[in-house]
Amino acid sequence: MRRKILRLLGALAVFGAAHGAVAQEDNLHRQSSVYEAPRDPAVIAKLEKWKDLKFGMIVHWGVYAVPGMIESWALCSEDWINRDSTVAYSDFKEWYWGLKDEFNPVAFDPDQWADAADAAGMKYLVFTTKHHDGFNMFDTQQTDYKITDGPFKDHPKANVAKYVFEAFRKKDFMIGAYFSKPDWHSQYYWWDKYATADRNNNYDIRKNEWRWNKFKEYTFNQISELMHDYGSVDILWLDGGWVRPLETVNDEVRAWGARIPEWSQDIDMPKIAKMARKAQPGILMVDRTVHGPYENYQTPEQSIPEEQMDVPWEACMTLGHAWGYHEHQNYKSVNKVVHTLAEVVAKGGSLLLGVGPTPKGLLTDEDVNRLIGIGEWLDVNGEAIYGTRTVEYYQDDNVYFTQDKGGKKYAIVLIEEGMEVPNTVSWAIEQDVSGKKVKLLEGNISLRIAKTAGQVVVTIPEKIRKDIKQKDAIVFAFQ
């Protein structure tokens, strides 16, 4: 009975915001205002290729899928996290660690995931090989807290990350390995000698140098396994930006609100990067929020910058309300995702959209149907998204502008859900059109324009409007 109650508590774990000024109020990674461009020609070339792709899938999947929790954050004791106050923290942790023995995704089908991502028009993958709880979705040799040491161990695809990467490579995706730098299951990070108050390591590294060196070795060895044993990897996406050298903590980082220990949680990124790039030449390092040579692009989470940015960046956002599987996801509509993608790309970024497979190993029908809907829009209008770059005048009310590398420009006109295509579309003459016509991408139809009162005005005849099928946004191409 006790176990059943704890299972229910996990499923209902709620995350609320605290109001204290000294505590971070959520689990979102902030975006640093500092960017250091790479110098390695192979990295620069890989980054340019990545900038062409624009749209990717991030998959969060681990033991937290069993109860449908919002990832592993309930393990962490911070003000914004709510757990049932009648359950002892030690009991909660025991229950959570025990999910390893229940996680048996017998229907695991990475090809279904890859097919859905391909149908959505996505071009790259980031897969969670290990979240902060330390549960490994690959066959690491550093710990037995892994998918290959539970009830799923005898399945022919038990080494999950290997088969996920293979499925997406068959679709010609760029491959990214998400890896959490903190590891709350490791005795080298959260030592049972002390309580586990927050997301940080729970002992003074200055007084326990041996223990931290063991954690550095553990982390290096796990990343080395991913770099050497899992085929070609294009992106090493490192989460847990609070694990960082103390000297990188500036006033901006302090303003984000998470507690910062007096000691340095330095895992020796230069050593990790040297190893990774020897094994995977040109690999993109994404050490989130740790500004410097190992954050090759920035990753604002669940948000879009207010203005266009001239540095490489990626908005990582969820399709539902949670990164991982949740039985009652509050899904974004196809219309919302299309509009988000247009805004992100016009502002110079890429969209990394998050989904969470079920405990059995499948994407839900709701996930798949929405992904198909997004892909249907991109099948018609992707020319304005893929391979594009920014223009100086990038937005006019509900119209976003992009251009290809040859200078051909696109106007992406957002249409609110349920609304019809308007009779006329206009934008300021600052985004001018040479000549007297633009092309509607859907149907490749030439439409006449007028220039009046400082505006470019495009008229769409009724017959053409009625034939338009992709009504979440329409796209014009022009020089």
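This talk describes the sheets, the cores and several individual residues of one predicted model.

Good morning. Because the model is predicted, local features need pLDDT of at least 70 and side-chain atom pairs count only at pLDDT 80 or more, while totals for chains, interfaces and linings use all residues. Residues are numbered from 1 along each chain as its sequence is written, and side-chain values use heavy atoms, with hydrogens and water left out.

I begin with the parallel sheet. Seven strands form an open sheet in the order E7-E6-E5-E4-E2-E9-E8, with parallel pairing. Strands here are DSSP runs of E with at least two residues, helices are runs of H or I with at least four, and both are numbered from the N terminus; two strands pair if DSSP finds at least two bridges between them. E7 and E8 stand at the edges with a single partner strand each, so one side of each has no neighbour in the sheet. Direction ignored, neighbouring strands of this sheet are turned by 20 degrees against each other on average. Angles otherwise run from 0 to 180 degrees between N-to-C directions, and axes are lines fitted to C-alpha atoms, for helices over the stretch in contact.

Within this sheet, consider strand E4, residues 124-130. Is E4 buried or exposed? Of its 7 residues, 7 are buried, so E4 is largely enclosed by the rest of the structure. Buried means under 20% relative accessible area, exposed over 50%, and partly exposed in between, with a 1.4 Å probe and protein chains only. Strand E2 (residues 55-59) pairs with E4 in the parallel sense over 4 bridges, and Met57 has Leu125 in E4 as its bridge partner. E4 is also joined to strand E5 (residues 174-180) by 6 bridges, again parallel; here Val126 stands opposite Gly176 in E5. From E4 the chain passes through helix H5 (residues 160-169) to E5 in a right-handed β-α-β crossover. Right-handed means that, with the strands pointing away from the viewer, the path from the first strand over the helix to the second runs clockwise.

Strands E15 (residues 445-452) and E16 (residues 455-459) run antiparallel and are joined by 4 bridges, with Val457 in E16 as the bridge partner of Ala450.

I turn to the nonpolar cores. A nonpolar core is a set of buried Ala, Val, Leu, Ile, Met, Phe, Trp, Tyr and Cys residues joined through side-chain atoms within 4.5 Å. The largest has 133 residues, and those with the most contacts inside it are Trp61, Phe127, Phe168, Leu371, Trp427, Ile474 and Phe476. Its largest share, 8 residues, comes from H9 (residues 334-346). Apart from it lies another core of 17 residues, including Ile58, Val126, Tyr178 and Leu284.

Helix packing is next. Helices H4 (residues 110-119) and H10 (residues 365-381) pack at an angle of about 35 degrees, with axes 7 Å apart. Gln112, Ala116 and Ala119 in H4 meet Val368, Leu371, Ile372 and Gly375 in H10.

Trp50 lies in helix H2 (residues 41-53) and is buried, with a relative accessible area of 1%. Leaving aside neighbours within four places in sequence, its contacts include Met174 and Tyr297; Trp50 and Met174 are 124 residues apart in sequence and 7.9 Å apart in space, C-alpha to C-alpha. Tyr297 lies in the loop between E7 (284-287) and E8 (313-318) and is buried, at 0% relative accessible area. Beyond four places in sequence, its contacts include Tyr35, Leu47, Trp50 and Trp237. Asp109, in the loop between helix H3 (89-98) and H4, counts as partly exposed at 28% relative accessibility. With neighbours within four places left aside, Asp109 is in contact with Gly361 and Leu362.

Note on methods:
Contact means heavy atoms within 4.5 Å.
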